[in-house]
Amino acid sequence: MKFFVDTADINDIRELAETGLLDGVTTNPSLIHKSGRNFLEVVKEICGVVPGPVSAEVVAGDHATMMREAEILRRIADNIAVKVPLTIDGLKTCKALTGDGTMVNVTLCFTANQALLAAKAGATFISPFVGRHDDIGFDGMQIISEIRLIYDNYDYETQVLVASIRHPIHVLESAKIGADVITAPPAVIRQLFKHPLTDRGLESFAADWAKTGQTIG
Ligand code: G3P
């Protein structure tokens, strides 16, 4: 399963990239706003740090303007994935862009039927938002299972990119279902490394090792 980080914070991205475990980055207009940076500048910087797909989102609502925005975005770097919303205009844009080899991430997906449409439009990634589903009292992960089943039924190559992840259980469930990618905030990715028994074990090993009076090498 690929790990993307959902942020436009270049410091977080650099730190996580150093682990060697980061496969890509997703941004959205809210994350760009949170970063306080110029959109095109920060996306270009991110593309230089992470060689994998970096999602940058169009903001227009109509197909013609989306295409113009996408043209600017895809010129930033070869690893740009243009992010489009799951609307009729967004999927028209998706079909046009993927048709000439541009990676496209279709975002704001909340049903398996929407994901089916995105696959038919040739999306590289579909981003179902699990956390926002949970927030309103539904089971976001159920949609991921349905999308996995449907994509496997028809051998669609669109990658299931689980988005709006809130906690490590979302990551675990995504892996069990067989999602292709998760994108999570930096804090959730850092949580994945942690367990209190790991910390406690390290402390006791360090204490016992000190008592041996030995060094390695
Ligand atoms: O980037 C899309 C998605 O991951 C947003 O997550 O936390 O704003 O629901 P969130």
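**Ligand shell**

I started with the make-up of the shell around the ligand: 2 nonpolar, 2 polar and 4 charged residues. I kept in mind that this is a predicted model.

Next I wanted the names. Which residues are around the ligand? My list reads D6, N28, K83, F129, R132, A163, S164 and R166. Sorting them by class, I put D6, K83, R132 and R166 down as charged. F129 and A163 went down as nonpolar, and N28 and S164 as polar.

I then looked up distances from side chains to ligand oxygens. For D6, an N or O atom of the side chain is 2.6 Å from an oxygen atom of the ligand. For S164, I noted 2.7 Å between a polar side-chain atom and a ligand oxygen. R166 also has a polar side-chain atom 2.7 Å from an oxygen atom of the ligand. The protein buries 83% of the 310 Å² that the ligand exposes when taken alone.

Where does the ligand sit? I found it in the largest pocket.

**Strand β1**

β1 covers residues 2–6, and D6 is one of the residues around the ligand.

I checked β8 as a partner. Strand β8 (residues 181–184) runs parallel to β1, and 4 bridges join the two. Within that pairing I looked up F4, which stands opposite T183 in β8.

Then I went to β2. How many bridges does β1 form with strand β2? I counted 3, again in the parallel sense, with β2 spanning residues 24–26. Here V5 stands opposite V25.

Terms used
Residues numbered from 1 in each chain as written. Predicted model: local features only at pLDDT ≥ 70, side-chain atom pairs only at ≥ 80, totals over all residues. Heavy atoms only, no water. Near = heavy atom within 4 Å. Polar contact = N/O pair within 3.5 Å; in protein donor to acceptor, adjacent residues only side chain to side chain. Areas by Shrake-Rupley, 256 points an atom, 1.4 Å probe, with all protein chains shown as cover. 1 Å grid on protein atoms, 1.4 Å probe; cavity = no way out; pocket = protein on both sides within 12 Å on 5 of 7 lines; lining within 4 Å. Sits in = over half its atoms within 2 Å of the grid points. Pairing = 2+ DSSP bridges.
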